[in-house]
Amino acid sequence: MASLTDLLDLDDPWERPAPVRSIIRTPLIGWVNGADLMVGLISIPLQLGMLWVMDGLTPYDRSTWAWRWAAILTLALVLCLRRRFPMTMGCLATAHLLIGGVTAPEIVTNYVSQIFYFICFHTTVAWGRSRRAAWGVIAGVVVILLGWVAVVFSRANALAGILKNLNPTATADVEAYARVVILEVVVNIAFALGAGAMGQIAWRGARDLDRSREQAGTIADQESQLADRAVVAERLRIAREIHDSVAHHVSVIGIQAAGARRALEAAPDLAREALGTVEDESRLAVSEMHSLLGSLRSAGEPDPSVQPGLESLEELCAQHRRTAVTLTVVGDRRRVPAPVALSTYRIVQEALNNVDKHSLAAHAHAAVRIAADVIEIEVTDDGRGAAGPRARGTDSIGGPRARGTGVGLIGMRERTAAHGGTLASGPRATVGWRVLARLPLSRARAGTDSSGTVTSGTVSSDAGRKDRP
């Protein structure tokens with residue numbers, strides 16, 4: 001039973017959609033397919049032509065024209081509505097076959113009508129909403145046909161008449177009668193089941209086509225979503241690059257310009273120094289903007305040769321800052337892939353930028369420790385941590401403190417997460433603030449060769465101490 005259920009897809013819930021092309025709206029019935037309407041209309045002259053050809057050649061030429069017209073028109077109506085109401089029309093075709101066999105047998109038994117019955121039963125299975133109901137109709141057709149054969153053969157001299165039509169010279173014995181009965185049973189079963197089988201094949205083809213279209217639509221939606229995510233990711237990358245490179249210099253320019261304005265009359269030399277820093281930082285900002293635009297214009301991944309890395313940390317820590325910065329690098333820099341080196345540089349840059357903007361620290365320390373499978377970045381300062389000027393809303397020179405947007409911390413977290421690493425930041429137990437990031441090297445190491453040449457070392461910068469306004 002399970003195999004028959006699978007063979008006929010009796011439990012498949014898929015319903016074949018109704019035709020959408022050549023739809024004609026009609027009152028009461030609703031839509032009717034134009035092709036079905038054409039088939040129904042063509043069936044009328046074909047039936048009349050068969051009657052003219054077969055008139056006087058069959059033993060059934062005894063019905064009146066009223067029954068003939070009734071049989072012809074009702075069969076045409078069934079053909080017109082067979083895809084609109086496939087189950088109902090399948091049942092009506094069966095009733096037409098049964099009733100017409102009594103009232104107008106020359107209509108029911110001619111070759112054209114047999115073809116139209118076949119089309120109706122085929123449509124019942126091909127377009128039926130329920131598999132079980134469709135095959136139930138076909139089973140009913142088989143039972144009715146066999147019952148009809150039994151009724152015909154029970155009539156007097158029916159078998160003899162059929163045998164005579166098949167072979168006038170055949171001997172009318174029991175064996176010949178048995179062959180005729182078997183032949184009629186096989187033909188009628190094959191007729192009904194053949195129509196159902198061809199309808200089942202058509203139904204499966206429509207189902208597979210519908211699922212293929214659905215899968216294609218799903219794939220197209222997923223591709224669109226992936227494209228949207230790629231656009232968002234690229235925007236975030238651009239935002240991070242702009243914040244980490246250009247925004248840092250603009251922030252320093254603002255701080256130095258504010259200091260220069262306050263020291264312009266009281267300490268002209270300090271003001272002149274601050275303005276010089278503004279000039280240098282503006283040039284660096286323009287240079288990094290050009291580098292960023294060049295990397296955005298280039299196809300694929302940015303060129304590592306124009307991106308800062310571990311070899312640029314000394315220059316980064318030696319830039320003009322209000323806080324003195326020391327740098328310690330332990331380990332072989334050549335072991336660090338270029339993408340991780342760039343993220344390391346950006347994390348240190350952002351952490352030192354936050355020290356400048358948000359703390360009263362006099363000294364900050366950046367430590368980069370390179371192990372076999374991980375690189376650790378730690379930036380600490382001796383400021384006042386969470387109790388610093390953030391709470392008071394002023395900076396170290398008494399002006400309004402630089403307001404954080406949170407983009408820097410988000411950028412550090414995104415860069416860390418991109419490499420599968422971790423990031424922690426917060427006040428130290430003793431004094432100041434601490435940023436600690438750990439980036440694994442294994443994920444980015446495959447196929448990547450760092451170009452760093454400096455192995456290790458410690459540098460310090462006191463330029464920032466001198467340049468603090």
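Reply: Helices are DSSP runs of H or I with at least four residues, strands are runs of E with at least two, and both are numbered from the N terminus. By that rule, Trp 127 is found in helix H6, which spans residues 111-127.

Me: How many helices and strands does the protein have?

Reply: There are 16 helices and eight strands in the protein. Keep in mind that this is a predicted model: local features need pLDDT of at least 70 and side-chain atom pairs count only at pLDDT 80 or more, while totals for chains, interfaces and linings use all residues. Residues are numbered from 1 along each chain as its sequence is written, and side-chain values use heavy atoms, with hydrogens and water left out.

Me: Back to Trp 127: is it buried or exposed?

Reply: Buried means under 20% relative accessible area, exposed means over 50%, and partly exposed is in between (1.4 Å probe, protein chains only). Trp 127 has a relative accessible area of 11%, so it is buried. Across the protein, buried residues make up 42% of the 469 residues.

Me: Which residues does Trp 127 touch?

Reply: A contact means heavy atoms within 4.5 Å. Leaving out residues up to four places away in sequence, Trp 127 touches Arg 16, Pro 17, Ala 18, Pro 19, Arg 83 and Pro 86. Trp 127 and Arg 82 are 45 residues apart in sequence, with their C-alpha atoms 8.9 Å apart in space. For the whole protein, take the contacts between residues at least 6 apart in sequence: 73% of them join residues at least 24 apart.

Me: Arg 83 was on that list. Which residue does Arg 83 meet in a salt bridge?

Reply: A salt bridge is a side-chain nitrogen of Lys or Arg within 4 Å of a carboxyl oxygen of Asp or Glu. Arg 83 pairs with Asp 36 at 3.0 Å, N to O. Arg 83 lies in the loop between helix H3 (65-80) and helix H4 (86-103) and Asp 36 in helix H2, so the pair ties together parts that are 47 residues apart in sequence. Both Arg 83 and Asp 36 are buried.

Me: How many salt bridges does the structure hold?

Reply: The count is 17. One of them joins the side chains of Arg 207 and Asp 9, at 3.7 Å from N to O. That pair links distant parts of the chain, 198 residues apart: Arg 207 is in helix H9 (residues 174-263), and Asp 9 is in the loop between helix H1 (2-7) and strand S1 (23-26). Arg 207 also forms a salt bridge with Asp 208, the closest N and O atoms being 3.5 Å apart. Asp 208 is partly exposed, at 40% relative accessible area, and Arg 207 is buried, at 11%. Through shared partners, salt bridges join Asp 9, Asp 12, Arg 204, Arg 207, Asp 208 and Arg 211 into one network.

Me: How many disulfides are there in the whole structure?

Reply: A disulfide is a pair of cysteine sulfur atoms within 2.5 Å. A search of the whole structure turns up zero. As for individual cysteines, Cys 91 is partly exposed at 43% relative accessibility, whereas Cys 120 is buried at 2%.
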